[in-house]
Amino acid sequence: MLFTTFLKDNNGFMRCYRKGRRVNGEGLCAYFYPNNSPYNRLGITAGKKLGNAVTRNRIKRIIRAAYRICEQEIPMGYDIVFVGTQGIQSKTSCEAEEFIRKKLVKSIKITFEKGFWDENKRKK
C-alpha cells in the first residue's frame, strides 16, 4: 500500500472507536479519526463470533484487498479501522470496494467539509 501504514497499538484503535465517526454497511463497519500526518493508518478487526481463524483471516484479506484498490480515492491523514460484522462471510472484495467508495469516502469528505474536527467550531 502506497500511502498507508498499519495501525498496531491498542490506543489508536480505541481513539477511533471513542472519538471517531462511524460508517455502517452490510457486514462491514468503519471508524475514522484524523491523525495529523501525511498518510493513513489502517486497522482491521474480525471478532471470534464471525468464525474460526481461517474465516477471520479471509475476512481481513477481503477488506485489505478492497482498501488497496480504493486507496488513492481516500483522503490522507486519517486512522481508519474496519470491523467485520455478521454477514461479511458471504461478501466479496467488490462489495467491500463499493462500501469504501460510496459510503466511507463520502462520509470522510462530508465531515471534513462541515468542519467536524475543527476545535474552534465545536466549542461554539
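Ala, Val, Leu, Ile, Met, Phe, Trp, Tyr, Cys and Pro count here as nonpolar, Asp, Glu, Lys and Arg as charged, and the others, Gly among them, as polar. The model is predicted, with local features given at pLDDT of at least 70, side-chain atom pairs at pLDDT 80 or more, and totals for chains, interfaces and linings over all residues. Residues are numbered from 1 along each chain as its sequence is written, and side-chain values use heavy atoms, without hydrogens and water.

**View 1. Lining of the largest pocket.** The lining has 5 nonpolar, 2 polar and 6 charged residues. A pocket is an open set of points on a 1 Å grid over the protein atoms alone where a 1.4 Å probe fits, with protein on both sides within 12 Å along at least five of seven lines; lining residues have an atom within 4 Å of a point. Of the 13 lining residues, Glu26, Glu95, Ala96, Glu98 and Phe99 lie nearest the centre. Helix 3 (residues 93–113) gives the largest share, 6 residues.

**View 2. Buried face of helix 3.** Helices (H or I, at least four residues) and strands (E, at least two) are DSSP runs, numbered from the N terminus. Buried residues (under 20% relative accessible area, 1.4 Å probe, protein chains only) include Ala96, Phe99, Ile100 and Leu104. The buried residues of helix 3 pack against strand 2 (21–25), strand 3 (28–34), helix 2 (53–70) and strand 5 (78–84).

View 3. Tyr67 lies in helix 2 and is buried, at a relative accessible area of 0%. Beyond four places in sequence, contacts (heavy atoms within 4.5 Å) of Tyr67 include Met1, Asn40, Phe82 and Ile100.

How values were computed. Buried means under 20% relative accessible area, exposed over 50%, partly exposed in between (1.4 Å probe, protein chains only).
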